[in-house]
Amino acid sequence: MAKKLITVLGVTGTQGGSVANRFLAHADWRVRGLTRNPVSAKAKSWASRGVEIVKGDHDDIDSLKAAFQGAHAIFAVTDWAANYARVSEDKTLQDEARGRGGPSRSTQAI
Ligand SMILES: NC(=O)c1ccc[n+]([C@@H]2O[C@H](COP(=O)([O-])OP(=O)(O)OC[C@H]3O[C@@H](n4cnc5c(N)ncnc54)[C@H](OP(=O)(O)O)[C@@H]3O)[C@@H](O)[C@H]2O)c1
C-alpha cells in the first residue's frame, strides 16, 4: 500500500521537526518538508533521513500549492505574534490547504 504523505511546514524548526520525527517513525507515512533554504545544514540532514525537502515560503502561494500537492495531512506553524501585523499568513495557509481537497481540520501552535 502506498504511504500517506504529510507536508510539514517549518520542518527545520523545533515544532515541525518534532512532527517530522514522529511521522518518519511511522511505516505508513512519508514526509515532505518545506524550507526557504534547501541547502541549509538542517534541510540536508532531514533529506538524509528520507524527508522530501522542497523549497518554499509562506509568502509564496505557488510554493505552497506545490508543497501541498497530494498531501493527506499538513502541519503548519505560524508566528502568532507577527500575525497580528500580518493577518493574511495563517488565512493563506489554511485556504490553500483546504483547496487541496484533503485535510479539513487544522491545529495551530501559538
Ligand atoms: N517551540 C515551541 O515550544 C513553541 C511553542 C509554542 C509556539 N511556538 C510557535 O511555533 C512557531 C514555530 O516555532 P519553532 O520553535 O518551531 O520555531 P523555529 O525553531 O525558530 O523554526 C522556525 C521554522 O519556521 C520556518 N519559517 C519561518 N519563516 C518562514 C517562512 N516565511 N516561510 C517558510 N518557512 C518559514 C523556518 O524554516 P526555514 O528557516 O528552514 O525556511 C523554520 O523551520 C513559532 O511561531 C513559535 O512562536 C513554538
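This is a predicted model: local features need pLDDT of at least 70, side-chain atom pairs count only at pLDDT 80 or more; totals for chains, interfaces and linings use all residues.
## Helix H1 and its buried side

Two residues count as being in contact if their C-beta atoms, placed from the backbone, lie within 7 Å. The buried residues of H1 pack against E1, E2, helix H2 (41-48) and strand E4 (73-75).

Which residues of H1 are buried? They are Gly16, Val19, Ala20 and Phe23. These four cover an arc of only 100° around the axis, so they sit on the same side of H1.

## Val8 in strand E1

Now to a residue of strand E1, which spans residues 4-9 and includes Val8. Is Val8 buried or exposed? Val8 has 30 other C-beta atoms within 10 Å, and 20 or more make a residue buried, so Val8 is buried.

Leaving aside residues up to four places away in sequence, Val8 touches Gly16, Val19, Ala20, Val31, Gly33 and Phe75. Ala73 lies 65 residues from Val8 along the chain, yet their C-alpha atoms are separated by 8.5 Å.

## Around the ligand

Let's finish with the ligand. Its shell holds 20 residues, of which Gly13, Thr14, Gln15, Thr35 and Arg36 come nearest. At least two residues of the shell come from each of helix H1 (14-24) and strand E2 (29-35); H1 gives the most, with 3 residues.

What is the make-up of the shell around the ligand? Its residues divide into 10 polar, 6 nonpolar and 4 charged.

Technical notes. Residues are numbered from 1 along each chain as its sequence is written. A residue is buried if 20 or more other C-beta atoms lie within 10 Å of its own, exposed if 12 or fewer, and partly exposed in between; C-beta atoms are placed from the backbone. A residue is near a molecule or strand if its C-beta atom, placed from the backbone, lies within 6 Å of it. Ala, Val, Leu, Ile, Met, Phe, Trp, Tyr, Cys and Pro count as nonpolar, Asp, Glu, Lys and Arg as charged, and the others, Gly among them, as polar. The arc is that of the directions from the helix axis to the C-beta atoms.
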